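Please look through the structure shown here with this briefing at hand. The points below are grouped by topic for a reader who is new to it.

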Amino acid sequence: MPRIGVQLQASSFFDKLTAREQLETFAALYGVSRGDAADMLDVV
């Protein structure tokens with residue numbers, strides 16, 4: 001199955017987003033559900 005990667009132009013996080021919003025944004029880019037992203041945030 002073909003895959004495509006995501007390479008942002010900046011290697012920093014978005015200044016105005018919370019940690020949860022950052023995680024949800026990157027999770028969405030990689031097809032990870034919000035629930036799974038929230039579970040990972042709870043781990044840390």
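Phe14 is partly exposed in this predicted model, with a relative accessible area of 40%, where buried means under 20% relative accessible area, exposed over 50%, and partly exposed in between (1.4 Å probe, protein chains only). Phe14 lies in the segment before H1, helices (H or I, at least four residues) and strands (E, at least two) being DSSP runs numbered from the N terminus.

Because the model is predicted, local features need pLDDT of at least 70 and side-chain atom pairs count only at pLDDT 80 or more, while totals for chains, interfaces and linings use all residues. Residues are numbered from 1 along each chain as its sequence is written, and side-chain values use heavy atoms, with hydrogens and water left out.

**Overall form**
- The secondary structure of the protein chain comes to 2 helices and 0 strands, and along its principal axes the C-alpha trace spans about 30 × 25 × 15 Å.
- Of the 44 residues of the protein chain, 7% count as buried.

**Surface**
- Phe14 also belongs to a nonpolar patch on the surface, formed together with Val6, Leu8, Leu17, Leu29, Tyr30 and Val32, and these residues have about 570 Å² of accessible area together.
- Such patches are made of residues with over 30% relative accessible area and no salt bridge, with like charges joined within 9 Å and nonpolar side chains (Val, Leu, Ile, Met, Phe, Trp, Tyr) within 5 Å.
- Accessible areas come from the Shrake-Rupley method with a 1.4 Å probe, and for residues only the protein chains shown count as cover.

**Buried residues**
- Gln22, which is found in helix H1, is buried, with a relative accessible area of 9%.
- Leaving aside its neighbours within four places in sequence, Gln22 is in contact (heavy atoms within 4.5 Å) with Phe13, Phe14 and Leu17.
- Ala37, found in helix H2, counts as buried at 3% relative accessibility.
- Again leaving aside neighbours within four places in sequence, Ala37 is in contact with Leu23, Ala27 and Val32, and the C-alpha atoms of Ala37 and Leu23 are 6.4 Å apart in space, although these residues are 14 apart in sequence.

**Salt bridge**
- The structure holds 1 salt bridge, a term for a side-chain nitrogen of Lys or Arg within 4 Å of a carboxyl oxygen of Asp or Glu.
- The side chains of Glu24 and Arg34 meet in this salt bridge at 3.4 Å, N to O.
- Glu24 lies in helix H1 (residues 19-29) and Arg34 in helix H2 (residues 34-43), so the pair ties together parts that are 10 residues apart in sequence.
- Arg34 counts as exposed, at 61% relative accessibility.
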